[in-house]
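These are my notebook entries on one structure.

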Amino acid sequence: MTVDSYLKSALALKKYPPSAIEPKKDTEKSTLLLDIRNLSVAFGKGDYLPVKGVDLILAKGEVAGLVGESGSGKSLAAFSLMGLLPFGARVPNGEIIFKGLDLIKLAPKERRALCGKQMGMIFQEPLTALNPVLTIGEQVSEIFRYHEHMKKKEARELSYELLSQVGLPNPKAAYSSYPHRFSGGMRQRVVIAMALALNPDLVIADEPTTALDPTIALQITRLLHKLTKERNTGVLFITHNLRILSSLAYKVFVMYAGLILEETGQFLKDPLHPYTRALVDALPPNPSEKSTKALIPIPGQGPGPADKFKGCPFEPRCTMSFAPCTESLPPLFKVDERSVRCFRYGSC
Ligand SMILES: Nc1ncnc2c1ncn2[C@@H]1O[C@H](COP(=O)(O)OP(=O)(O)O)[C@@H](O)[C@H]1O
Ligand SMILES: [Mg+2]
């Protein structure tokens, strides 16, 4: 079975509520890398719920995008995968099945060992991801020394190679430099090197280019794409920039108020959910297109993690809402191979 046909059949099994998904056959498990089911993140007693039952699947070697405006719960969902949730946050329900194992059920020690080696994370701000008092070399070679128990010399040689693969022109000089001497783009190259050092099966990139200027952002995106393609790494690329994803991701999950509103491969050409449409309408034109199209901002603000809503969370800002939208939360409806949480597609 190919990855494509697997994804189609796996998605076809998706019903609402998400926890009603049928268990998959053994043969289907082999291509599936990550299967998140009904994942929530809560603070305190559970009234503050920034992530509300997210479903997401990623196959081996696939790049998936997770988009949504600031505060929609993207980072907390990503941190919960890595077991890096901030103090006070917990996962009240859900499963994170990574290579057939439910990470939530693993003991902390087992989970740390698995996450360190087989999952890598790239953060938005590369300076805070690097330790300012250690040289780049100490930080990169430490990964090989700690996880692979390598000797100093061997770890250093491998670090040179890795730093050269991420495009640092003089890897030996970079090895003995401190992070503050590097530009933002060069630091992010180092962070990418560290995330890929142990050849993980999954990389989670949380807004890896947001802190960079547009030309460097494009270089870094291309680099990440090239390296992960060569290694057949699954990538969950989190961003609020739909344009970046158009050349990168096979499919995109659109997140809003802690929920997935749409899962699609055609978000720029044929967005389904009114929110995805609004995001596309608010996109600045591609500089090469010389478009005179006016940008249409989305009025208002989305609900926060403590706000209660009975119907669709986007309804107060939606130009296409109708009666059912205020009555109950729409389920994810299937439209071809896509899913959309909007009553307008209820009869598709
Ligand atoms: N440590 C925290 N304590 C309380 N609220 C938090 C914390 N971290 C994030 N949040 C809240 O959870 C929501 C989702 O945050 P986040 O996942 O960072 O959003 P995104 O990455 O999509 O911008 C936001 O409303 C944010 O304010
Ligand atoms: Mg974030």
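**Entry 1: the ligand.** I looked up which element gives the most residues to the shell around ligand 1, and I found that it is helix H3, with three residues. I note that the model is a predicted one. The shell has 13 residues, and those that come nearest to ligand 1 are Pro50, Lys74, Ser75, Leu76 and Pro86. I then sorted the shell around ligand 1 by class: seven residues are polar, five are nonpolar and one is charged.

**Entry 2: helices over the sheet.** Helix H3 covers residues 74-82. I recorded that H3 lies across strands E3, E7, E8, E9 and E10, and that it runs at about 150° to E8. I next looked up helix H9, residues 184-196, which lies across E7 and E8 and runs at about 170° to E7.

**Entry 3: the sheet.** In which order do the eight strands of the open sheet stand? I read the order as E7-E8-E9-E3-E10-E11-E13-E12, and the pairing is mixed. Strand E7 (119-122) and strand E12 (333-335) are at the edges; each has a single partner strand, so one side of each has no neighbour in the sheet. On average, neighbouring strands of this sheet are turned by 25° against each other, direction ignored.

I examined one pair in more detail. Strand E3 (residues 63-67) pairs with strand E10 (residues 251-256) in the parallel sense, over four bridges. For Ala64, I found that the bridge partner in E10 is Lys251.

**Entry 4: two backbone angles.** I looked up phi for Lys99 and noted a positive value near 50°, in a residue other than glycine. Lys99 lies in the loop between strand E5 (95-98) and strand E6 (101-102). Glu207 is not a glycine either, and its phi is positive, at about 50°. Glu207 is found in the loop between E8 and helix H10 (214-231).

Is Glu207 buried or exposed? I found 20 other C-beta atoms within 10 Å of Glu207. A residue counts as buried at 20 or more, so Glu207 is buried. Lys99 has 17 other C-beta atoms within 10 Å and is therefore partly exposed.

**Entry 5: the whole chain.** The chain holds 12 helices and 13 strands. Of its 348 residues, 41% count as buried. I also looked up contacts between residues at least 6 apart in sequence, and 63% of them join residues at least 24 apart.

How values were computed:
Residues numbered from 1 in each chain as written. Chains lettered and ligands numbered in written order. Predicted model: local features only at pLDDT ≥ 70, side-chain atom pairs only at ≥ 80, totals over all residues. Pairing = 2+ DSSP bridges. Axes fitted to C-alpha atoms, helices over the stretch in contact; angles between N-to-C directions. Contact = placed C-beta atoms within 7 Å. Near = placed C-beta within 6 Å. Nonpolar A, V, L, I, M, F, W, Y, C, P; charged D, E, K, R; others polar. Buried ≥ 20, exposed ≤ 12 C-beta atoms within 10 Å, placed from the backbone.
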